[in-house]
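User: I'd like to learn how to read a helix and its surroundings in a model. Could you walk me through one?

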Amino acid sequence: MSREKLMKSIARERVEILFNLAFEKARAGDFNLARRYIEIALRIAGKARIKIPRKYKRSYCRKCFAPLIPSLTLSVRIKSEGRGSRVVYRCLLCGWTRKYMIKASKRGLRRE
Ligand SMILES: [Zn+2]
């Protein structure tokens, strides 16, 4: 394994650990520490030039870096607009919002 590859795999592992810790801390109510973990994870990913794993990409607030946990730090609303629907994510800590288009699937939308 080349040095760069090794560094990247270490970075990926750390990012994973930090995201997990961030979620753990957020669930325990320590949002400041949770944000710190996300910030560190993003910094490591940036330095190593790796992508944030897909499963975490939408799981943090782009403004305040808080982990987004439905009903705890995240409000999720579904807006129907004609043919398509949008899901609106809102960070409950800082008010940041983001809309994602969702394509209607054959199985339909699952509501939580
Ligand atoms: Zn936020």
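Predicted model: local features only at pLDDT ≥ 70, side-chain atom pairs only at ≥ 80, totals over all residues.

User: Which residues in α2 are buried?

Analyst: The general idea comes first: an α-helix has 3.6 residues a turn, so residues three or four places apart point the same way. In α2, the buried residues are A34, R35, Y37, I38, A41 and A45. Viewed down the axis of α2, these buried residues fall within an arc of 160°, so they line one face of the helix.

User: What do the buried residues of α2 pack against, and which exposed residues does the face turned away from the buried side carry?

Analyst: The packing partner is α1, residues 3-27. On the face turned away, you will find the exposed residues N32, R43, G46 and K47.

User: How many residues does α2 have, and what span does it reach?

Analyst: α2 covers residues 31-48, which is 18 residues. From its first C-alpha to its last it reaches 26 Å, close to the 26 Å expected at 1.5 Å a residue.

User: Which residues have the most contacts inside the largest nonpolar core?

Analyst: That core has 19 residues, and the ones with the most contacts inside it are F19, A22, I38, A41, Y60, C61 and A66. The elements giving two or more residues to the core are α1 and α2, and the largest share, six residues, comes from α1.

User: I38 sits on both of your lists. Which residues does I38 touch, leaving out those up to four places away in sequence?

Analyst: I38 touches A22, Y60, F65 and P67. I38 is one of the buried residues of α2, and its partners A22 and Y60 are, like I38 itself, among the residues with the most contacts inside the core.

User: Now for the backbone. Where is F65, and what is its phi?

Analyst: Again, the general idea first: most residues other than glycine have a negative phi. F65 has a positive phi of about 65° although it is not a glycine, and its place is in the loop between α3 (54-57) and β1 (74-81). S71 lies in the loop between α3 and β1, and its phi is near 70°, a positive value in a residue other than glycine. Just after α2, R49 also takes a positive phi, of about 55°.

User: Are F65 and S71 buried or exposed, and why?

Analyst: Count the C-beta neighbours. F65 counts as buried because it has 21 of them inside 10 Å, where the cut-off for buried is 20 or more. S71 is exposed, because 9 other C-beta atoms lie within 10 Å, and 12 or fewer counts as exposed.

Notes
Residues numbered from 1 in each chain as written. Helix = DSSP H or I, 4+ residues; strand = E, 2+ residues; numbered from the N terminus. Expected span 1.5 Å × (residues − 1). Arc of directions from axis to C-beta. Contact = placed C-beta atoms within 7 Å. Core = buried A, V, L, I, M, F, W, Y, C linked by C-beta atoms within 7 Å.
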